[in-house]
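Biologist: I would like to learn how to read a few features of a protein model. Please give the general idea and then the case at hand.

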Amino acid sequence: MAVGWIRADRARVSVIEALGLRPLLPGLRQCVAALGGDAWSEPGVADTSSLALLVPRLSLPLWAGMARADHRVPVTNLPNRTPPPHDGPYHVTRRQVCDFRGGTLTYDSHEGTDFAVAPGTRLCTVAPGVVSEVRRFMQRGGLKVVVDHGGGLVSVYAHCARAEVAVGDRVSRGQVIARSGMAGVDGILFFPWLAPHLHLTVLLDGEAVDPWAAPGEVSLWRTGDNAPTPWGDGASDEAPGPDTWDHEAVQDTVDACLDPELAAWMASLPQACRAGSVAAARTYFPTRFSRLPPIVTRATARSPRLDLPLHPDDHQGVVFLDGLEAELERRLAEKPDDHDARFDLAQIRAATGDRAAAADLLLEIMKADREWREDGARLELLKFFEA
């Protein structure tokens with residue numbers, strides 16, 4: 001049976017706000033800088049493999065304010081376990097990819113998890129903590145909220161349309177801290193074909209880590225497995241973890257920042273908030289620092305501490321984008337003339353690099369019903385050839 005769509009429970013946000021362009025001129029200036037590179041970073045790298053990130057069958061319903069009726073949030077990209085060197089340009093290519101399952105649901109420089117949700121969806125803290133940063137930078141992630149959870153753990157919520165907390169706020173587990181969007185230069189360039197999403201980056205001891213567990217690893221999700229759920233027990237009085245930051249090393253990192261504007265921002269933060277912001281800056285902008293010393297006094301082991309960063313009334317679990325194939329294949333087995341399922345499956349095959357299989361599926365539709373969706377299968381096939 002097909003998984004349907006329902007109207008998402010969300011705040012009203014305009015497209016301009018969702019894309020991070022309010023106020024307009026500063027956002028546009030940052031976008032221009034992002035496209036051309038600057039004194040500290042090269043322009044991003046993309047090629048035809050980057051087209052796999054565009055999934056209209058998912059993006060269009062989300063931009064229209066819909067959500068899956070089964071309350072599972074689609075995960076469209078996972079952290080890449082085989083990234084390119086961090087001292088080079090950012091790659092949105094899919095040339096050397098491996099997610100925690102050994103699959104390819106990621107791209108080369110991707111260090112976070114993308115949860116595809118309609119703009120205005122409630123974003124919630126994965127654990128209790130203190131807000132370290134609320135700042136917009138269109139080159140990488142648009143409007144971001146950074147939360148320091150103590151014990152070396154930091155979470156970064158990127159592509160937000162609107163923040164609902166301020167620097168220094170103490171937040172409880174599962175508290176709403178922002179509304180989702182698709183803020184950033186990538187959202188603007190590929191609207192509406194790129195699905196709006198929350199990009200969640202998890203840092204441990206100042207380094208990006210994958211919260212999902214490969215065989216033999218400890219999952220960071222509080223469920224203890226790779227099936228996270230949101231916090232659903234109301235207000236929590238749980239305290240953040242202990243302070244394990246080496247504050248002298250944190251200050252040394254600020255002093256090593258080559259970007260005067262970024263350095264001034266980090267230096268302006270209270271000490272209780274600075275370490276989390278510095279940890280995020282090192283991860284997102286490593287080429288803006290002349291050195292990156294260790295910034296913790298002791299290492300922290302992986303442990304199950306995180307909840308799904310969404311509200312339990314909106315989403316209750318996850319579904320991986322490539323896992324949708326099984327749903328569609330089952331629909332086709334039950335009803336071979338289900339061209340909607342065949343078309344969606346073709347888009348997934350194309351997104352995972354198997355364009356030959358995608359073309360075969362589209363040709364099957366054309367043979368059976370050339371007028372389906374006003375010649376939609378042929379038009380989609382032409383897009384493949386153009387790419």
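Biologist: How many aromatic pairs does a search of the whole structure find?

Modeller: This is a predicted model, in which local features need pLDDT of at least 70 and side-chain atom pairs count only at pLDDT 80 or more, while totals for chains, interfaces and linings use all residues. Residues are numbered from 1 along each chain as its sequence is written, and side-chain values use heavy atoms, with hydrogens and water left out. A pair of aromatic rings is described by the distance of the centres and the angle of the planes. Rings of Phe, Tyr and Trp (its six-membered ring) pair if their centres lie within 6.5 Å; planes under 30 degrees apart are stacked, over 60 edge-to-face, and the rest tilted. The search finds 9 aromatic pairs. One of them, Tyr-90 with Tyr-107, is edge-to-face, at 6.3 Å centre to centre and 80 degrees between the planes. Tyr-90 and Tyr-107 both lie in the loop between strand S3 (72-77) and strand S4 (113-116), so the pair ties together parts that are 17 residues apart in sequence. Helices (H or I, at least four residues) and strands (E, at least two) are DSSP runs, numbered from the N terminus.

Biologist: At what angle do the axes of helix H6 and helix H7 cross?

Modeller: Two packed helices are described by the angle between their axes and the distance between the axes. Axes are lines fitted to C-alpha atoms, for helices over the stretch in contact, and angles run from 0 to 180 degrees between N-to-C directions. For H6 (residues 260-268) and H7 (residues 271-284), the axes come within 9 Å and cross at roughly 155 degrees. H6 and H7 are therefore roughly antiparallel to each other; the cut-offs are under 35 degrees for roughly parallel, over 145 for roughly antiparallel, 65 to 115 for roughly perpendicular, and oblique for the rest. In the contact (heavy atoms within 4.5 Å), H6 uses Leu-262, Trp-265, Met-266 and Ala-267, and H7 uses Arg-274, Ser-277, Val-278 and Ala-281.

Biologist: Which residue is joined to Pro-192 by a cis peptide bond?

Modeller: Phe-191 is, with omega at about 0 degrees. Pro-192 sits in the loop between helix H4 (185-189) and strand S11 (197-204).
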